[in-house]
Amino acid sequence: MMGKNTQWKDVYVQGTSTTKWGFFPDVSASSMGSEAIVNALRDARTKWGEVEAVFAGSVYQGTASGHRVVGEIGFTGIPIVNVENACSSGATAFRLAYDSIRLGQYETVLAIGFEKMPRGPIPSTAFPGWQLAMGFNVQPANYALETMEYMRQYGATVEDFARVSVKNRRNGSLNPNARFQKEVSAEEVLQSAMIASPLRLLNCCPLADGAVAMVLTSKPESNRAIHVASSVLVSGVYGEESYQSGITASVQHYPSEGIVEKSARQAFEMAGYGPKDIDVVQAYDSMGPGELWDIEKLGFCARGTAPELLREGVFDLMGRLPVNTDGGLLSRGHPLGATALAQIHELVLQLRGEAGHRQVADPKLGLAHAMGAGPNSAVTILQR
């Protein structure tokens with residue numbers, strides 16, 4: 001049970017900033033990270049000397065990568081904690097920052113996520129050695145297996161998956177920081193190159209370079225501060241299958257609650273709200289079909305019903321539950337260490353009413369969910 005302890009401090013996002021996302025061969029990860037920090041501090045109206053600790057998420061940037069980012073601004077003797085937790089690294093850094101304030105260790109800290117991605121398929125090493133040797137770490141193929149099982153169980157179609165790409169690319173066209181800012185049609189999705197049947201190129205998110213930084217505090221100084229209602233990380237559930245991490249389901253001990261469902265339940269319990277209270281969602285859409293089963297596993301609708309709700313426009317910007325308002329991974333791109341923090345950044349903008357042409361109507365609660373190899377499932381709920 002994860003109800004709120006009355007001795008915990010309330011935590012707020014005081015400032016946030018993101019770089020533009022894309023491929024920038026001449027810009028280092030440290031430069032992107034430090035740019036995000038400087039702009040987040042400016043947004044928070046916080047001085048660098050007021051920051052008491054930094055929690056830095058990245059995946060492929062090597063030893064002490066957060067130190068290199070901070071070093072471009074100037075060391076002040078504060079602790080710098082480097083976090084590698086695959087695609088949920090940014091959310092994990094956020095969770096650590098959140099806990100450090102909630103438990104009274106610090107008053108003002110900074111969470112960052114940053115990454116420069118290599119070209120080509122992600123070289124995931126989150127698999128047992130024998131599976132790596134057999135080539136099981138090809139993520140589009142793993143997602144294709146999960147997609148085929150989703151189609152078999154619930155009758156979803158490739159046209160349903162194309163609609164996810166069309167929606168998110170439409171939202172991304174309104175996001176000046178997204179890698180892709182051009183809409184696509186369902187026909188273009190369905191005629192794009194086959195990657196791993198039934199997944200085509202435009203069902204798959206692009207990689208990108210990018211960075212996000214966020215100032216968290218227990219002493220909000222303006223009405224632009226956004227309350228962190230909950231931040232939860234669940235890593236692995238015994239017996240559950242996870243195609244992305246080389247785990248096969250237990251025949252005898254299959255869990256009654258999966259990793260996504262468990263993380264969502266804990267986040268809702270901690271926040272004191274339920275799925276019906278949420279006004280805007282950032283779901284994990286590294287592959288288009290994943291957005292559909294993610295929405296279902298998070299508890300927003302029954303299993304197998306998300307495709308129908310998508311067709312009805314429920315997840316559109318002006319729908320009843322807008323999903324991936326910034327274009328999601330499919331438009332924004334996927335710098336692994338920054339992605340999950342970018343989802344939270346978009347929620348902050350939406351809850352402040354600062355999302356520009358993609359602003360949804362009067363949101364009060366938002367939820368972000370990121371997955372990561374391992375596996376990890378991170379859920380964050382923010383409140384205006």
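**Exercise 1.** Is the crossing of α5 and α9 left-handed or right-handed?

*Solution.* The structure is a predicted model, in which local features need pLDDT of at least 70, side-chain atom pairs count only at pLDDT 80 or more, and totals for chains, interfaces and linings use all residues. Residues are numbered from 1 along each chain as its sequence is written, and side-chain values use heavy atoms, with hydrogens and water left out.

Step 1. Locate the helices, which are DSSP runs of H or I with at least four residues, numbered from the N terminus. Helix α5 covers residues 139-154 and helix α9 covers residues 288-297.

Step 2. Take the axes, lines fitted to C-alpha atoms over the stretch in contact, with angles from 0 to 180 degrees between N-to-C directions. The two axes come within 10 Å and cross at roughly 60°. That makes α5 oblique to α9; angles under 35 degrees count as roughly parallel, over 145 as roughly antiparallel, 65 to 115 as roughly perpendicular and the rest as oblique.

Step 3. Assign the hand: the crossing of α5 and α9 is left-handed, meaning that the near helix is turned anticlockwise from the far one by less than a right angle.

**Exercise 2.** State how α6 is placed against α9, and list the residues that meet.

*Solution.* Step 1. The axes of α6 (residues 158-172) and α9 come within 8 Å and cross at roughly 95°.

Step 2. The two helices are therefore roughly perpendicular to each other.

Step 3. Contact means heavy atoms within 4.5 Å. From α6, D160, F161, V164, K167 and N168 meet G288, P289, E291 and L292 of α9.

**Exercise 3.** Which residues of α9 are buried?

*Solution.* Step 1. Buried means under 20% relative accessible area, exposed over 50%, and partly exposed in between, with a 1.4 Å probe and protein chains only.

Step 2. The buried residues are G288, P289, G290, E291, L292, W293, D294, I295, E296 and K297.

Step 3. With 10 of the 10 residues buried, α9 is largely enclosed by the rest of the structure.

**Exercise 4.** How many disulfides does a search of the whole structure find?

*Solution.* Step 1. A disulfide is a pair of cysteine sulfur atoms within 2.5 Å. The search finds zero.

Step 2. For C87, the nearest cysteine sulfur is that of C205, 8.1 Å away.

Step 3. For C205, the closest cysteine sulfur is in C204, at 7.6 Å, too far for a bond.

Step 4. Check accessibility: C87 is buried at 11%, and C205 is buried at 14%.
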